[in-house]
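Q: Please show me how to read the features of a protein model, one at a time. I would like the general idea and then the case at hand.

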Amino acid sequence: MTIDQLLAECDIHQATAQKLAACKPFSCDDEDLDEFFAKDSLVYRKKLLGKTYLVCPKDDPTTIITAFSLSNDSIRITNRLTDEYKEQFLEDAELRDKTMKRFPGVLIGRLGTNIDYAGQGYASAVMDFIKTLFRLDSRTGCRFLIVDAKNSPEALHYYEKNGFKYLIEDEHLEAKYVGIGVGHLPLNTRLMYFDLLNLKVDDDE
């Protein structure tokens with residue numbers, strides 16, 4: 001499914017209390033995600049911690065096909081990031097000449113697809129929409145999409161398929177970077193990113 005097909009078939013709404021109340025219950029077969037979209041997303045919105053968006057069919061606006069939340073974030077170059085991974089990141093992003101310690105991005109905090117629509121291409125089309133939105137219409141500098149992907153084969157495969165890379169391949173070193181003891185391995189989530197400069201657009205100079 002392309003972005004054009006997605007937008008021809010669906011509208012994208014902000015998740016407000018009124019909109020959620022008007023929609024049928026949403027389930028992506030993940031209890032934590034379902035609870036976030038139904039309840040916590042409104043708290044995040046009120047406290048300006050993030051905004052959630054709902055993808056609904058034009059001919060059935062009470063059905064939520066996909067939901068996702070966005071907030072500001074950055075990739076941080078700290079002393080917890082080993083020289084190997086620091087150099088790899090800076091080389092891949094062609095940022096060796098920059099002395100910045102934080103590189104701006106947007107966090108995809110949650111993303112889930114209705115189990116009745118799974119496997120139909122909606123999730124990847126929504127990801128393409130998010131990439132294009134921040135590549136073309138970001139109001140501030142935004143170089144990366146960032147995600148703490150659920151550490152499951154299905155979730156990791158989805159992000160890998162959509163061009164995301166691990167900031168740190170080794171889980172032990174990632175645990176150190178995020179300040180979690182190795183006794184808590186395996187990690188619940190994996191830190192991944194997508195470089196928006198890898199998305200070529202018509203107005204590239």
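Q: What volume does the second largest pocket have?
A: Rolling a probe the size of a water molecule over the atoms shows where empty space is left. The second largest pocket here has a volume of about 580 Å³. On a 1 Å grid over the protein atoms alone, a pocket is an open set of points with protein on both sides within 12 Å along at least five of seven lines, a cavity is a set where a 1.4 Å probe fits but cannot get out, and lining residues have an atom within 4 Å of a point. Grid points are joined across faces, edges and corners, and the volume is the space filled by probe spheres set on them. This is a predicted model, in which local features need pLDDT of at least 70 and side-chain atom pairs pLDDT 80 or more, while totals for chains, interfaces and linings use all residues. Residues are numbered from 1 along each chain as its sequence is written, and side-chain values use heavy atoms, without hydrogens and water.

Q: Which residues line the second largest pocket closest to its centre?
A: Leu70, Ser71, Asn72, Val106 and Phe134 are the closest of the 24 lining residues. At least two residues come from each of β2, β3, β4 and α5, with β3 giving the largest share, 5 residues. Helices (H or I, at least four residues) and strands (E, at least two) are DSSP runs numbered from the N terminus. By class, this lining has 12 nonpolar, 7 polar and 5 charged residues; Ala, Val, Leu, Ile, Met, Phe, Trp, Tyr, Cys and Pro count as nonpolar, Asp, Glu, Lys and Arg as charged, and the others, Gly among them, as polar.

Q: How many residues line the largest pocket?
A: The largest pocket holds about 1100 Å³ of space. It has 42 lining residues, and Leu33, Leu111, Lys150, Ala155 and Tyr159 are the closest to its centre. Two or more residues each come from α3, β2, β3, β4, α5 (122-136), β5 and α6. β4 provides the largest share, 7 residues. The lining divides into 18 nonpolar, 15 polar and 9 charged residues.

Q: How many cavities of 30 Å³ or more are there?
A: The count is 1. The largest cavity has a volume of about 40 Å³ and is lined by Tyr85, Gln88, Phe89, Asp92, Tyr166, Leu167 and Tyr193. Helix α4 (residues 83-92) supplies 4 of these residues, the largest share.

Q: What is the strand order in the sheet?
A: Strands of a sheet pair through backbone hydrogen bonds, either parallel or antiparallel. This open sheet has 7 strands in the order β1-β2-β3-β4-β5-β7-β6, with mixed pairing. β1 (10-14) and β6 (165-166) are at the edges with a single partner strand each, so one side of each lacks a neighbour in the sheet. Strands pair if DSSP finds at least two bridges between them; β4 (residues 102-113) and β5 (residues 144-150) have 3, in the parallel sense. Leu107 has Ile146 in β5 as its bridge partner.

Q: Which strands does helix α3 touch?
A: Helix α3 (residues 31-46) packs on the sheet against β1, β2 (51-57), β3 (66-76) and β4, its direction making about 135° with that of β4. Contact means heavy atoms within 4.5 Å. Axes are lines fitted to C-alpha atoms, for helices over the stretch in contact, with angles from 0 to 180 degrees between N-to-C directions. Helix α6 (residues 153-161) lies across β4, β5, β6 and β7 (189-195), at about 160° to β5.

Q: Is Leu187 buried or exposed?
A: Leu187 is buried, with a relative accessible area of 6%. Buried means under 20%, exposed over 50%, and partly exposed in between (1.4 Å probe, protein chains only). Leu187 is in the loop between α7 (171-177) and β7. Not counting residues up to four places away in sequence, Leu187 touches Asn151, Glu171, Glu174, Ala175 and Ile180.
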